[in-house]
Amino acid sequence: MLTDEEFRLFRNLIYDEAGIYLKEARKDFLEHRVAKRMGVKGLSSPYWYYKLITDTEKTELLLLLDLLTVNETSFFRNGPQMELFRKVILPDVMRMRSRDMQKRLRIWSAGCSTGEEPYSVAMLAHEAIRNAPSPFLPPDKGRAGGMSGGAEGSDWDVRIFASDLSLSVLETASKGEYAWDKVRATVDEHYLSRYFDTDGTCYRVRDEIRKMVVFDFHNLKNDNGLSNLDIIFCRNVMIYFDEEEQRRLIDKFCRSLNPGGYLLLGHAESLHGLGTGFEFVYDNKGTAYKKPEQGKKSGA
Ligand SMILES: C[S@@+](CC[C@H](N)C(=O)[O-])C[C@H]1O[C@@H](n2cnc3c(N)ncnc32)[C@H](O)[C@@H]1O
């Protein structure tokens, strides 16, 4: 249905707008999505549809992009990496912030899809701050276990920014409700009983976790305005970008991170060959990248 010329027009537009590079092999996929939106708009020519989204209806472009994104995700995805986050990264970042007398953690889930990733991160961070000794409490109460909601009750201030290009996934994410079987398949009993409510048909993430996460629309092609971040998760997003766009994104992440901050990518993604100053961190199949701390020599 799309001529080669039309395919190129759409491909360039999608790359310019979202950084997503559609290979020739994905022509059918694109055709199908464009046809779907053309049907909704009552148009019969792909070229007229192209003119519509470039000249007059920017919101329609967002709806098309929404259909082109791959939103697969799950709670605690990539177990070894989540374990590295829990066991190594969180304690390290908390140590650095405590040393700076700044009990503040700022984490970004970039390309958060339907929210399972930022909520998993919030649960692990919540556990970490609950278990962190508080200098303001006597030793027997030194674990800030009396928290009633989010990071409240602890002297740690934790915020997780979660963003995506797709408005429909953000809608699901902010509801925090998930199909019963999907949650049962990925979340272990400990987190289920502590951080979810259920009515037997679905699971809902409890408010104390939801309060820690702020969802927002953000296109990774653009500058994010976020700075002084401790940790960035950008997993299974860069695989859809070409090398040039990946480099730009990593540069932006590097600028947004505090010295000593961490970047976590998907298992099929790496900084190898991109010539960044990040240090590779590895433990039991879990991987991450650390921005050098101030005064320390960079690794890679
Ligand atoms: C495969 S999901 C990954 C979700 C989660 N990070 C994980 O690993 O489970 C990729 C997400 O990246 C989002 N995405 C793709 N291109 C983007 C862009 N240019 N800006 C922001 N988000 C984007 C998609 O909408 C999708 O929700």
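This is a predicted model: local features need pLDDT of at least 70, side-chain atom pairs count only at pLDDT 80 or more; totals for chains, interfaces and linings use all residues.
Where does asparagine 284 lie? Asparagine 284 sits in the loop between strand 9 and strand 10.

**The hairpin and its strands**

Strand 9 (residues 279–283) and strand 10 form a hairpin, with two residues between them. Asparagine 284 is in the turn. Its phi is near 45 degrees, a positive value in a residue other than glycine. Asparagine 284 is also exposed, because its relative accessible area is 61% and the exposed class begins over 50%.

Strand 9 and strand 10 pair in the antiparallel sense over five bridges. In one of these pairings, valine 281 has alanine 288 of strand 10 as its bridge partner. Strand 10 also pairs with strand 8 (residues 257–265). That pairing is antiparallel too, over two bridges. Here leucine 263 has tyrosine 289 of strand 10 as its bridge partner.

How many of the five residues of strand 10 are buried? Four are, so strand 10 (residues 286–290) is mostly covered.

**Aromatic rings**

The structure holds 17 aromatic pairs. One of them joins tyrosine 119 and phenylalanine 215. Their ring centres are 5.5 Å apart and their planes stand at 75 degrees, so the pair is edge-to-face. The cut-off for that label is over 60 degrees.

Where do the two residues sit in the chain? Tyrosine 119 lies in helix 6 (residues 116–131), and phenylalanine 215 lies in strand 6 (residues 213–217). The pair therefore ties together parts that are 96 residues apart in sequence. Tyrosine 119 and phenylalanine 215 are both buried.

A second pair is made by phenylalanine 280 and tyrosine 282. Their ring centres are 6.2 Å apart and their planes are at 35 degrees, so this pair is tilted. Tyrosine 282 counts as exposed because its relative accessibility is 54%.

Some rings gather in a group. Phe75, Tyr119, Tyr178, Trp180, Phe196, Tyr203 and Phe215 form one aromatic cluster.

Charges meet rings as well. The charged end of arginine 26 sits over the ring of phenylalanine 29, 4.1 Å from its centre. Lysine 221 lies over the face of tyrosine 15, at 5.1 Å from the ring centre.

**Around the ligand**

Which residues come nearest to the ligand? There are 21 residues around it, and Ala18, Thr73, Arg77, Asp164 and Asn236 come nearest.

| Residue | Atom of the residue | Distance to a ligand nitrogen |
|---|---|---|
| Glycine 111 | backbone N or O atom | 2.8 Å |
| Asparagine 219 | polar side-chain atom | 3.0 Å |
| Arginine 235 | polar backbone atom | 2.9 Å |

The protein covers 99% of the 600 Å² of accessible area that the ligand has on its own.

Phi of asparagine 236 is near 60 degrees, a positive value in a residue other than glycine. Is asparagine 236 buried or exposed? Asparagine 236 counts as buried because its relative accessibility is 17%, and buried means under 20%.

Technical notes
Residues are numbered from 1 along each chain as its sequence is written. Side-chain values use heavy atoms; hydrogens and water are left out. Rings of Phe, Tyr and Trp (its six-membered ring) pair if their centres lie within 6.5 Å; planes under 30 degrees apart count as stacked, over 60 as edge-to-face and the rest as tilted. Buried means under 20% relative accessible area, exposed over 50%, partly exposed in between (1.4 Å probe, protein chains only). A charge sits over a ring if NZ of Lys or CZ of Arg is within 6 Å of the ring centre and within 35 degrees of the ring normal. A residue is near a molecule or strand if one of its heavy atoms lies within 4 Å of it. A polar contact is a pair of N or O atoms within 3.5 Å; within protein, one must be able to donate a hydrogen and the other to accept it, and residues adjacent in sequence count only if both atoms are side-chain atoms. Accessible areas come from the Shrake-Rupley method with a 1.4 Å probe; for residues, only the protein chains shown count as cover. Two strands pair if DSSP finds at least two bridges between them.
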